[in-house]
Amino acid sequence: MHACTRFLSYVGLRAGQARYLSATTTLREKGYFVTQPIFYVNSVPHIGHFYTVVLADVIKRYAGMQGKSTKMSAGTDEHGLKIQQAAERANRDTLSFCTQYSNRFRDLQAAANVDNADFIRTTDPHHRQAVAHFWNVLVDRGYIYKGEHSGWYSVSDEAFYTELQVEERVDPSTDKRGMFAIESGQPVEWVSEVNYKFKLSEFRDRLIEWIEGSQDVIYPEIRRNEVLAWLRAGVDDLSVSRPRSRLKWGIPVPGDDEHTIYVWVDALVNYATVDGYPWGDDKLNFFPPDVQVVGKDIVRFHAVYWPALLMATGLPLPKRILAHAHWTMGSQKMSKSKGNVADPFEAIERYGLDTLRYFMIRNGGIADDGDYSADEVLVRHKKDLAGQLANLAARCSSERLGVKLDGFAALSQALQCNVDSRDAALHAMLTELPDKAKPLFDKGEFGRGLGLAFDVLAEANRHITENEPWTLVKSSDPEQQARLQVVLFYSLEAVRLASIMLLPTIPEKANRLLDHIAVDTSERQWVNARFGAGWQTPGPKQLLPGVATLFPKLA
């Protein structure tokens with residue numbers, strides 16, 4: 001494959017879309033880049049933030065298991081009118097106000113056991129310089145102009161809305177009528193002001209072409225269809241500044257201190273800043289992102305504004321935007337006023353980190369909202385992790401059963417040629433599991449993929465019950481003793497495959513479980529998540545005790 005074609009392929013573009021790349025961009029292989037959205041610092045982290053962080057981390061770890069060099073970005077979005085007003089209400093210096101909340105989001109990365117994310121703040125000096133450079137490129141290329149802008153503005157969303165995007169209704173919290181954004185439900189006010197504008201309308205057709213050129217560039221399909229519908233309905237040019245008299249807390253427009261750069265332009269550039277932007281001609285590192293993880297409420301900014309800005313500056317486009325659904329509680333939207341917001345730090349303390357990570361990934365929605373429930377967290381812990389996974393390993397670990405791990409490599413090869421009818425159903429599920437799970441994992445549907453793994457564990461538990469190794473071990477018949485090792489192999493093979501597939505989601509517990517069943521650390525990559533690919537490393541192997549306590553009972 002020609003180097004140019006290969007580069008266009010990995011950024012998700014057809015050869016005819018080469019005009020979106022900078023003429024000076026070096027076409028070469030790159031690492032795998034996952035981005036988290038940067039979180040707004042007007043409040044502390046909630047369980048929805050935790051889900052986004054963990055989902056991005058799972059994607060990065062999964063890529064690393066496939067031998068890819070990986071990078072992930074995270075951070076906080078600290079400019080804008082909403083932050084300015086929140087700091088004023090708190091009677092705080094704005095930067096120290098931002099630092100307080102930014103530190104809590106940094107704490108969340110550590111508490112969630114995120115694998116080495118590069119954390120950026122939009123108040124960082126090097127980011128301010130990057131945004132100014134990005135702005136100047138837009139100006140130099142003729143995509144910025146000054147004009148009067150009128151529209152419905154939401155302070156909460158930091159966004160303008162058109163007449164078709166707002167509605168008049170009664171605010172249930174105040175019983176007063178007002179105008180609200182249909183998309184977010186936030187109140188809006190009519191604003192008329194002179195702003196700088198970005199020629200977004202010029203990129204409408206090219207954005208449609210980009211999205212239609214790849215089925216998965218925006219996932220899930222419902223979000224892709226939403227974005228295409230927005231674009232086909234027509235787009236106006238985008239207001240990309242606010243008068244300094246209204247918004248002081250932000251990055252000034254280069255050469256015009258009377259205006260502040262629109263917070264979303266500022267925020268979106270972080271994905272380039274964190275990789276070293278502005279680069280020299282030959283210094284593209286991990287950019288563009290391979291997967292950008294965002295909530296469904298900000299898909300328009302990432303799937304319309306961001307790629308258009310990149311097209312305008314000649315930079316390559318993200319390969320994929322994964323816009324996940326939200327979390328409810330009791331099937332109702334979470335809100336502080338309703339008292340149904342879950343604190344991730346408290347939840348980690350109560351359930352344990354890996355149990356919470358597993359619940360969020362298994363129950364979390366990509367297309368449809370997930371429902372957060374303390375009872376369901378406990379069910380996942382008791383039924384899946386303790387009952388199916390750890391319990392199966394424990395059933396095979398009794399010293400009395402005499403499992404012979406040293407013979408598993410040869411046994412697995414023999415079983416691929418000669419399958420007993422008593423093992424046929426489980427054997428088929430084990431051999432088919434990787435090929436069924438991988439397409440789901442590749443899409444970001446880890447919950448569905450793990451569901452398949454736990455289906456296999458359920459079958460393995462049924463299999464060991466039916467074949468009764470505790471009875472086989474009592475026999476001195478060589479055939480019965482050989483049968484005993486086959487039964488134990490199938491059980492532990494199910495545990496091994498499931499544990500490897502769980503590594504991105506519950507890295508600490510899955511690694512400990514693999515330690516318990518003597519799987520060498522060199523055999524914990526995705527290539528080992530297939531039937532017969534374990535216990536191949538030379539040397540003696542022995543089960544470790546204590547597997548039954550890996551997921552202790554929760555109150």
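This is a predicted model: local features need pLDDT of at least 70, side-chain atom pairs count only at pLDDT 80 or more; totals for chains, interfaces and linings use all residues.
Figure 1. The ring of Tyr 153 has the charged end of Arg 242 over it, at 4.2 Å from the ring centre.

**Figure 2. The aromatic pair of Phe 359 and Tyr 372.** A pair of aromatic rings is described by the distance of the centres and the angle of the planes. The model contains 30 aromatic pairs. In the pair of Phe 359 and Tyr 372, the centres are 5.8 Å apart and the planes stand at 80 degrees, an edge-to-face arrangement. Phe 359 belongs to helix H12 (residues 353-363) and Tyr 372 to strand S19 (residues 370-372), so the pair ties together parts that are 13 residues apart in sequence. Phe 359 is buried, its relative accessible area being 0%. Tyr 372 is likewise buried, with a value of 7%.

**Figure 3. An aromatic cluster.** One cluster is formed by Phe 134, Tyr 271, Tyr 277, Trp 279, Phe 287 and Trp 306.

**Figure 4. The second largest pocket and its lining.** The space in this pocket amounts to about 570 Å³. Its lining consists of 26 residues, and those nearest the centre of the pocket are Thr 162, Gln 165, Gly 234, Val 235 and Asp 236. At least two lining residues come from each of strand S5 (144-154), strand S6 (159-161), helix H7 (221-232), strand S11 (238-239) and helix H10 (299-313). Strand S5 supplies the largest share, four residues. By residue type, the lining comprises 15 nonpolar, seven polar and four charged residues.

Methods: Residues are numbered from 1 along each chain as its sequence is written. Side-chain values use heavy atoms; hydrogens and water are left out. Rings of Phe, Tyr and Trp (its six-membered ring) pair if their centres lie within 6.5 Å; planes under 30 degrees apart count as stacked, over 60 as edge-to-face and the rest as tilted. Buried means under 20% relative accessible area, exposed over 50%, partly exposed in between (1.4 Å probe, protein chains only). A charge sits over a ring if NZ of Lys or CZ of Arg is within 6 Å of the ring centre and within 35 degrees of the ring normal. On a 1 Å grid over the protein atoms alone, a cavity is a set of points where a 1.4 Å probe fits but cannot get out, and a pocket is an open set with protein on both sides within 12 Å along at least five of seven lines; lining residues have an atom within 4 Å of a point. Grid points are joined across faces, edges and corners, and a volume is the space filled by probe spheres set on the points. Ala, Val, Leu, Ile, Met, Phe, Trp, Tyr, Cys and Pro count as nonpolar, Asp, Glu, Lys and Arg as charged, and the others, Gly among them, as polar.
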